[in-house]
Amino acid sequence: MAGASAPTIPSLKQTFLSTQTTLLAQPLAPSRSWQAANDASDEPLPERVINDALFSLNHSIQQHCRRVYAPQASRNISEQIDDLYTRDAKRRLGLGLDAADGALGKEMDLTDHDTIEGLPETWVSEKETNDHPMEAKLYSDAVRRLSELDEQRQRLRDRVAKLNRLKSVAQPLQTAESGAGVQENLLTRGGPVEKELERMRFLLARVGGRVNALPDSGGSNPQPEEVEVTSTESLMLARKRRIDQFLADEKVFPS
């Protein structure tokens, strides 16, 4: 199954906005301290009045959220945020490094090989490095780790490409259920070839016996001659004898 695509800035921002608007649309309820204070008051508010007021307030909140925080509005705001990121990235130089403050562009694709190759090993701003040595060290370690992972990914890609080439070469040698491909090795002990040869041996013996039992056309009183055939060699001798008799027949080849 194919992996899920990387989330975009509009999708991330829209998800965040939807989560926040859902929290704002939650119904309100009096806290325990307020409820205790109301119960201890000399003139407490009736529970029915409180419930009616809360119902009206929560209904107004839900209507307000539906009108103001509609999905279309959230999508529009997320696209505006994405546009701000894009315009900010256009001000960057090269691969997204800002020469003014040494910052990394927000739109940099840190999964791209060329982008990883273009990252400096140390933070470009010497002032920021001196002011924040721990963050500078974390950046250097992150770049080194990212480069190592990129090399591992490249090796895996080369290995996958090599295996795919081997698979394409070996594809014609695979045997499918339909019989396509190279036939499996049949010359095994007790295999189909051995069984078929055993059947053929008995069949040749029976056929050879019947051939030798045919009458001899050379004599006036042909008598069937029974010759036991027990091997392929005896069958070949019997055939040769029948051919010699046929060629010597004067009725077929008169002198």
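In this predicted model, Asn-51 is partly exposed, a class that lies between buried (under 20% relative accessible area) and exposed (over 50%), judged with a 1.4 Å probe on protein chains only. The relative accessible area of Asn-51 is 41%, and its place is in helix α3, residues 47-68. Ile-50 lies in helix α3 as well, but Ile-50 counts as buried because its relative accessibility is 11%.

Residues are numbered from 1 along each chain as its sequence is written.

Turning to the whole chain, the protein has nine helices and zero strands, where helices (H or I, at least four residues) and strands (E, at least two) are DSSP runs numbered from the N terminus. Of its 255 residues, 15% count as buried. The UniProt record, an unreviewed entry, annotates residues 139-166 as "coiled-coil region"; such annotations may be inferred rather than shown by experiment. In the model this span is 100% helix, and its end C-alpha atoms lie 41 Å apart.

The largest pocket holds about 180 Å³ of space. A pocket here is an open set of points on a 1 Å grid over the protein atoms alone, where a 1.4 Å probe fits, with protein on both sides within 12 Å along at least five of seven lines; lining residues have an atom within 4 Å of a point. Points are joined across faces, edges and corners, and the volume is the space filled by probe spheres set on them. Helices α5 (113-118) and α7 (133-170) each supply at least two lining residues, and α7 gives the largest share, six residues. The lining includes Ile-116, Glu-117, Arg-144 and Asp-150. By class, three lining residues are nonpolar, two polar and five charged, with Asp, Glu, Lys and Arg counted as charged, Ala, Val, Leu, Ile, Met, Phe, Trp, Tyr, Cys and Pro as nonpolar, and the others, Gly among them, as polar.

Finally, Arg-201 lies over the face of Phe-202, at 4.5 Å from the ring centre; the criterion is CZ of Arg or NZ of Lys within 6 Å of the ring centre and within 35 degrees of the ring normal.

Methods
Predicted model: local features only at pLDDT ≥ 70, side-chain atom pairs only at ≥ 80, totals over all residues. Heavy atoms only, no water.
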